[in-house]
Amino acid sequence: MSHWLAKRRTVQHTDTIQRFDPRFWTVNFPRPAMASVITTAPDALRVDTVFQKADDLVGLIWESEDKWDHPLLSYDTRRDYSRLTLSFRWRSSGVLPLDAVNGPTLTIEGRDAAGNARAWYVRLWNYATGTPTDAQVTLPFSALSGGFLLPDEADPVHPTDIDRLFISLVPPGYGTGATPFANAATGWVELTAVRCEGHKPMLEIGDVMVPPHGLSMCTGYDDAYNLTPARLLRQVRGLGYRGSINHYIGMSHFFPLVPDGVGGFVVDPALPAMNGAANAWHGAFLAEAARMGYTVIASQSYELLAQHCPAAWQQRTWEGEAGLTGWSPPSALLSPANTEAMAWVRKVGVALVGLMQDAGLPVRHQVGEPWWWVTQDRQICIYDEAAKAAFGGSPVNIPDLGANLSAAQKSLLDAAGALLAQSTAGLAAAVKAAAGVAGAETLLLAFLPTVLDPVTPEALRANLPTGWASPAFDVLQLEDYDWVTTGKDALRTQARTLAEARLNYPREQQHYLSGFVLNGAKASVEWPRIDAAASEAVALGVAETFIWALPQVSRDGYVRLPDNSGDETMQSFDDVLFPLALGRDASVTPEFSTNVTITASGFERRNSLWSDARLRFDVGPGVRSDAELGELIGFFRARRGQARGFRLRDPSDFSSNGMTGTPTPIDQVIGTGDGANARFELVKLYGADEDAQRRRITRPRTGTMRVSVNGIETGDFVVEPLGVIGLASAPAAGAVVRAGFQFDVPVRFAEDRLDISGAEFAAGEAPSVPLIELREDA
């Protein structure tokens, strides 16, 4: 498969939307407030708010520039709002009403007539008719003024250069300081009959529909909490993803909170599994996904934003330090030994079952990356109070998981693994029980670069326990994105082999998650690796392959391009040898392409256009009998003329050792190790030093292959398609990789016809049968 990183639309299909289309509004807020926005009709939206303290503020936002959609699906930027009128019906509850002093205010961010950045504060009540909680609001941008009292405090809006509209929503009692509420205050706002009228009320928007390509998509609430579900799913479908959506509920936005007594807020297991905003969002997301024909894998993890995680729930090192991730702000890992934490995890799982069933979806539930955290200095976090009690009260210290471990230390890791497997089994059982007779599919996601890090070889005892072996779950999901994006293919192959052997899930009961690009500046390097890894997983026969995740896909413009559909695929290469030996009279012609320019003074300027010669052959003179002539014609017909390539043995040059010598393991340098890469392309060099001409070898004779690393021959390799050597382990940095081999030339017939005269052949005149070398290394 191929892919494309799209930066902008060019000739792709477009459509139009009404400006202020409800699907494209967003919300935002500072922690610990929460909010979500969903569409309730083509011209309506609803915002659900959760306020935790008196100075919380939620914004409902329209941006002139589309910062969230994929470049091929985004709406056009238009900052001129002059002669436009936005109108809607406003209904609200649980937020300050329209007529309050700090009631809903439209902040307009843009520039004045002189081009200076500034903001206007438009009190919506000044443009409303009706009651403070149920009113018709009409906003004529060319006659709009900020200010609390009009006309005395009027501050006319300059409408031609606007960046953003921001409607503020605050709780009753707003402005009395950061006083926490004993119980969260919930509210809602609905905008219905949203209309945009006047001058240029429509926006052009991308309307691509990439044909289905066989991959599925990953999404996450922590990354999409501010978007409408309709906007999210429009992108998933437009980019060609079908079948399943793997949706992570996240670790920071979905849960309700209570004050912790010291100025912060924590999860309370006595509260519902989800706060009101997250519950509304997920209900809409799952219902829309079902309507569009998707199934959803609801993913939950043992990870929780550290500032909201009860201290007793957190995994800890031997010294008592919490096991925190490197994210900013950090998240904490829940201890599988803590009964209260695990009861809460099961409550969340049961709530997800209910949401999926309410949407009419089959129940598919993933336990995502459950593990005992390992710190950067290789301390494993299995020493929280609950875990220590489970391990007998005084478990042995493991100060360095990468050191040689004692029998007692290994036994502790085994016990930790058993406890982890027990906790995930309890979660899976709770999900199945909640699903009832309809049943549930349970999935486990393992992150191989952590659980099978070669630096900590015994970590798998704790973090890839045998208690997860089939049939503990219905599906094993694997991801290895740290290794994918850094090109550590040897580690990826080894880890998959180990995980499959240890857990025994056949490929048809596996999923693969390929991704992700953390830093957009590295997109051009990392997306090709991600795309190739996804294709590899498809070829391996796993049941489903996912791209992780939509925010990075949209940010970087990644487009998976499908194979041509609807046409019978023509095989381009038959891996067979030309049946006739080339005789002395057959011709071999290497050719280059050089652009020669002669100046007015007679001097030449030469530009070599090809880095490698291309060979031409005429094999007709090698045909010596009627039987061989018949064999040639049959072979030509089987190749359908020029349509299919094949192998040809060049009698003058077929070995890495000289031209025709016996291969040795040190004939050709094919690469230098960097500690990560284990795949090297076969090459043959003609000439010496930097001036050597480099020829890619794509059709080696596998049985003749010999490979060495730093001069030491190894048999621990495989020959991959198109002449790529895959070593079992990545050579150390600076190690020189060499290879010896025999090879054939990939060729095709140069024409779609054979001109052969029987009389001329009988008279001894050889036919002309031209062949041309194929370039397969592009």
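Student: Which residue in S43 is the bridge partner of Glu720?
Tutor: Val724 is the bridge partner of Glu720. This is a predicted model, where local features need pLDDT of at least 70, side-chain atom pairs count only at pLDDT 80 or more, and totals for chains, interfaces and linings use all residues. Residues are numbered from 1 along each chain as its sequence is written, and side-chain values use heavy atoms, without hydrogens and water.

Student: What makes S42 and S43 a pair?
Tutor: Strands are DSSP runs (E, at least two residues; helices are H or I, at least four), numbered from the N terminus. Four bridges join S42 to S43, and pairing asks for at least two, so these strands pair. They run antiparallel.

Student: Why do S37 and S42 stand at the edges of the sheet?
Tutor: The open sheet has the order S37-S43-S42. S37 (679–681) and S42 each have a single partner strand, so one side of each is left without a neighbour in the sheet. From one strand to the next, the twist averages 25°.

Student: What makes the second largest pocket a pocket, and how much space lies in it?
Tutor: On a 1 Å grid over the protein atoms alone, a pocket is an open set of points with protein on both sides within 12 Å along at least five of seven lines; a cavity is a set where a 1.4 Å probe fits but cannot get out. About 900 Å³ of space lies in this pocket. Of its 33 lining residues (an atom within 4 Å of a point), the closest to the centre are Asp489, Arg492, Glu536, Arg679 and Glu720. H10 gives the largest share of the lining, eight residues.

Student: Which residues line the second largest cavity?
Tutor: Among them are Ile249, Gly250, Phe254, Glu303 and Trp344. This cavity holds about 40 Å³ of space, and its lining has five nonpolar, three polar and one charged residues. Ala, Val, Leu, Ile, Met, Phe, Trp, Tyr, Cys and Pro are nonpolar, Asp, Glu, Lys and Arg charged, and the others, Gly among them, polar.

Definitions and conventions: Grid points are joined across faces, edges and corners, and a volume is the space filled by probe spheres set on the points. Axes are lines fitted to C-alpha atoms, for helices over the stretch in contact, and angles run from 0 to 180 degrees between N-to-C directions.
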